[in-house]
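Subject: Structure handover

Hello,

Here is the structure for you to look over. My notes follow below it.

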Amino acid sequence: VQLVESGGGLVQAGGSLRLSCAASGRTFSNYAMAWFRQAPGKEREFVAAIKWSGGQTVYADSLKGRFTISRDNAKNTLYLQMNSLKPEDTAVYYCAADRTVSNLATAYNYWGQGTQVTVSS
């Protein structure tokens, strides 16, 4: 599976962004998908994950209510809607894919290159 993220950018605190992750190469609908993020000097952090069918979603507790993960299997695309953004959300955001839903980065074998999100105060 090849994954390409887009939609990152610079936004003011309180604003919103929607990230996309376009998948190709294998049957997208067979894979669980996830978003992770990594800020400078910090470890990669779980954001959210979604089952292949979209019927199960998992979020990092600290992000519940502000971030929403979704997928469109007909378009082979994963999304992350981010609202009420804060400066501490600044990071490179990565999408990942594998067979089962997990909040562990080590559970995912397929990764995109990342997209930078910068939230100014």
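Start with Cys 95: at 0% relative accessibility, Cys 95 counts as buried. Buried means under 20% relative accessible area, exposed over 50%, and partly exposed in between, with a 1.4 Å probe and protein chains only. Cys 21 is also buried, at 0%.

Before the rest, the ground rules. This is a predicted model, where local features need pLDDT of at least 70 and side-chain atom pairs count only at pLDDT 80 or more, while totals for chains, interfaces and linings use all residues. Residues are numbered from 1 along each chain as its sequence is written, and side-chain values use heavy atoms, with hydrogens and water left out.

The disulfide

Searching the whole structure gives one disulfide (a pair of cysteine sulfur atoms within 2.5 Å). It links Cys 21 with Cys 95, S to S 2.0 Å. Cys 21 lies in strand 3 and Cys 95 in strand 9 (residues 91-98), so the bond ties together parts that are 74 residues apart in sequence. Strands here are DSSP runs of E, at least two residues, numbered from the N terminus. The S-S torsion is about 55°, so this disulfide is right-handed.

Four strands form an open sheet in the order 1-3-8-7, with antiparallel pairing. Two strands pair if DSSP finds at least two bridges between them. Strand 1 (2-6) and strand 7 (67-72) are the edges, each pairing on one side only. On average, neighbouring strands of this sheet are turned by 15° against each other, direction ignored. Axes are lines fitted to C-alpha atoms, and angles run from 0 to 180 degrees between N-to-C directions. Strand 1 and strand 3 (residues 17-24) run antiparallel, joined by five bridges. Ser 6 has Ser 20 in strand 3 as its bridge partner.

Arg 37

Arg 37 sits in strand 4 (residues 32-38). Arg 37 is buried, at 7% relative accessible area. Its side chain makes a polar contact with the side chain of Tyr 93, at 2.9 Å. A polar contact is a pair of N or O atoms within 3.5 Å; within protein, one must be able to donate a hydrogen and the other to accept it, and residues adjacent in sequence count only if both atoms are side-chain atoms. Beyond neighbours within four places in sequence, Arg 37 is in contact (heavy atoms within 4.5 Å) with residues including Glu 43, Glu 45, Glu 88 and Asp 89.

Gly 54

Gly 54 is in the loop between strand 5 (45-50) and strand 6 (57-59). At 31% relative accessibility, Gly 54 is partly exposed. Gly 54 and Ser 29 are 25 residues apart in sequence and 9.3 Å apart in space, C-alpha to C-alpha.

Best wishes
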